[in-house]
Number of protein chains: 2
Amino acid sequence: MPINAADIAQIRAFNRFYTKVIGLLEDGMHNSPYTLTEARIIYELGRRGRATASSIAETLDMDRGQMSRLVLRLIDQGVLATLPRIGDRRAAPMALTPHGDKVFAHLNAMSDAAAADALLEPLDEFGRRDLVSAMRRIETLLSEPDDEPLVLRPHRIGELGWLIHRQGLLYHLEQGWNGEFETLIARIYADFETAPANPPKSLWIAELGGEVAGSIFIIPAADEAPGTAQLRMLYVDPAFRGRGIGKRLVDEAVRFSRASGYSKVILWTQDCLVSARRIYQAAGFTLEREERHQSFGADLNGQYWALTL
Amino acid sequence: MPINAADIAQIRAFNRFYTKVIGLLEDGMHNSPYTLTEARIIYELGRRGRATASSIAETLDMDRGQMSRLVLRLIDQGVLATLPRIGDRRAAPMALTPHGDKVFAHLNAMSDAAAADALLEPLDEFGRRDLVSAMRRIETLLSEPDDEPLVLRPHRIGELGWLIHRQGLLYHLEQGWNGEFETLIARIYADFETAPANPPKSLWIAELGGEVAGSIFIIPAADEAPGTAQLRMLYVDPAFRGRGIGKRLVDEAVRFSRASGYSKVILWTQDCLVSARRIYQAAGFTLEREERHQSFGADLNGQYWALTL
DNA sequence: TCATATAGTTGACTTTGACAACTAAATGGT
DNA sequence: ACCATTTAGTTGTCAAAGTCAACTATATGA
């Protein structure tokens, strides 16, 4: 995909900006008796409990030779000690000494205070949330997926708007749909909220590492026989695809429908949404009928799926 | 305001993470004949056109002595030259030589390519937007307001959802309102979208530095005499407050109403929204009546304001 | 006018970082 | 079982970066 020059400019501007931020925070460490690199080693070892010199050198992007000398100095200073070489006798596991633990705690407290004072303190609650979530998003986007647990939970205030925003934009970029879709789903989510509590309804947010990774809801189907539930608004954030989140959401929605006494679950989707269709198929839904229609500025083929419980 | 330990942990995790990202990008510079620090000086001077050594030393957080020596080296290498000292004869302005310009262009291209390859290339369009906007948000939150121009423009796809999300969350955090408010404004924005084009309606997004800084809309008032416009959903993002954005939005909305032939503008607000009230007053609105009501989980005092055009 | 601040220079020194050569131990394919 | 290869760690050497202080020349402001 072609790369946008403005995006590069923004990224490089951010890199320059954040280089200064990091420098600012590191300056705060300069009144400790340890150099910055020593402090980083102490911090990394403290975090891990025990580790080999080379594994720390790797995460800190350091030369192994340099690490070797610094480790010797820290041993001399009584901050850390090597443990007996068990198993692989090339590798010398290290750990902080009790004194090292104290140093670690102190450095940690200093770093925490520096980050809090310089970054969080000037912001109000809204700004703090924004800052933290923007950082989380960057980490999510740029790092390999880790194996944090997926949590399904009810939605919180502001998240319906978030879902409208994300899906409006996503289907615009991926499918070329226009603003009618965003308007439609704004109503759909509002209608979900104001629907009565009975027959049962439920909406799930899939949360991963503090971010909204997906969502789905179940609502009693309108214009259908009683006992029919409708599954709506299955959504998986592009940054979290390929991790079975869609399947988890659909499974949970079906489980809820069954447990709530529904005898059937129906849903409406478009045939261009391929990965969603696969999930529905895998969950046991069958295609009942199709219908061409013009919506969201596109020619679509609507599909009606159903699952008898 | 008390500082959340989880926020600090997230910020420090991001700092560690991004330190590695920056290191990765800088590694790419190592096959140029210039050292990293030299490259940074060349880049900074190239960006500015001309600058004194100390001003560059300041932005790059360098020692002035070190800068002095590096400048000498770069002069020897024919990359930059000092200009005649005019005005303040202590300060020696510098600029890149023609050869320096070439070096600058080359370093720039290398950095651009490194940023593009390492960060943008692996992402899809959605991820790239996310990354860039998260970076922009962090810069906005952590740096002093600059004087970029405020742009009022129509909304783009996804931005209604964004406004619902932001306002739902904002008024929850600041006023304690519950999810009913978010649901209500989801409908209000959807109704705006589906309202006919006549009588005239209009929605403005206030954009600042590529971010949504605020919004407002004008729609024909329901249940009022023809010729009456309703001003709704004035919103200024907390990160952009105190810069006259609310005033700009209201002024533009009033200007539009007048130009569209409306004879009156009305609006509904709550007395707890103090800064909004000040803006309405300044724009010439007068308070017509107040009415206590229970909404959004709070006891509110609704105010009806009007402006005859 | 005189104390103070600023731009730039120079010297002395420490820390960091890069690279290569080396030992000892582990690994993996034949 | 053997041997080439890889890995963990050490040591030597050197260049680059960063720190600190002293110094000159000029500018600024009470």
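A crossing of two helices is called left-handed if the near helix is turned anticlockwise from the far one by less than a right angle, and right-handed if it is turned clockwise. Helices (H or I, at least four residues) and strands (E, at least two) are DSSP runs, numbered from the N terminus. With these terms in hand, I shall begin with the model itself.

This is a predicted model, in which local features need pLDDT of at least 70 and side-chain atom pairs count only at pLDDT 80 or more, while totals for chains, interfaces and linings use all residues. Residues are numbered from 1 along each chain as its sequence is written, and chains are lettered from A and ligands numbered from 1 in the order in which they are written.

Let me turn to the two protein chains. Their contact takes 67 residues from chain A and 67 residues from chain B, where two residues are in contact if their C-beta atoms, placed from the backbone, lie within 7 Å. On the side of chain B that touches chain A, two or more residues come from each of α1 (5–27), α5 (98–120), α6 (125–142), α7 (159–175) and α8 (179–194) of chain B. That side of chain B comprises 35 nonpolar, 16 polar and 16 charged residues. Here Ala, Val, Leu, Ile, Met, Phe, Trp, Tyr, Cys and Pro count as nonpolar, Asp, Glu, Lys and Arg as charged, and the others, Gly among them, as polar.

How is a pair of packed helices described? Axes are lines fitted to C-alpha atoms, for helices over the stretch in contact, and angles run from 0 to 180 degrees between N-to-C directions. Angles under 35 degrees count as roughly parallel, over 145 as roughly antiparallel, 65 to 115 as roughly perpendicular and the rest as oblique.

The first pair joins the two chains. Helix α1 (residues 5–27) of chain A packs with α1(B) at an angle of about 125°, their axes being 11 Å apart. The two helices, α1(A) and α1(B), are therefore oblique to each other. The crossing of α1(A) past α1(B) is left-handed. Asn15(A), Tyr18(A), Thr19(A), Ile22(A) and Leu25(A) make this contact from α1(A), and Asn15(B), Tyr18(B), Thr19(B), Ile22(B) and Leu25(B) make it from α1(B). Six of the residues in the contact of α1(A) with α1(B) are nonpolar, four are polar and none is charged.

A second pair lies within chain B. The axes of α2(B) and α5(B) are 9 Å apart, and the helices pack at an angle of about 105°. Consequently, α2(B) and α5(B) are roughly perpendicular to each other. From α2(B), Ala39(B), Ile42(B), Tyr43(B) and Gly46(B) meet Gly100(B), Val103(B), Phe104(B), Leu107(B) and Asn108(B) of α5(B). This contact of α2(B) with α5(B) has six nonpolar, three polar and no charged residues.

Helix α9 (residues 245–259) and helix α10 (residues 274–282) of chain A have axes that come within 10 Å and cross at roughly 45°. That makes α9(A) oblique to α10(A), and α9(A) passes α10(A) in a right-handed crossing.

I now come to the DNA. Which residues are closest to DNA strand C? Of the 21 residues that surround DNA strand C, the closest are Thr35(A), Gly65(A), Ser54(B), Gly65(B) and Ser68(B); a residue is near a strand if its C-beta atom, placed from the backbone, lies within 6 Å of it. The largest share of the surface near DNA strand C, five residues, is supplied by α4(B). This surface near DNA strand C holds six nonpolar, eight polar and seven charged residues.

DNA strand D is surrounded by 21 residues, the closest being Ser54(A), Gly65(A), Ser68(A), Thr35(B) and Asp63(B). For the surface near DNA strand D, α4(A) gives the largest share, five residues. By class, the surface near DNA strand D has six nonpolar, eight polar and seven charged residues.

Finally, some backbone details. Most residues other than glycine have a negative phi, and most peptide bonds are trans. The bond from Asn198(A) to Pro199(A) is cis, with omega near 0°, and Pro199(A) sits in the loop between α8 (179–194) and β5 (202–208) of chain A. In chain B, the bond from Asn198(B) to Pro199(B) is cis, with omega near -5°. Asp223(A), although not a glycine, has a positive phi of about 60°, and Asp223(A) lies in the loop between β6 (211–220) and β7 (228–236) of chain A.
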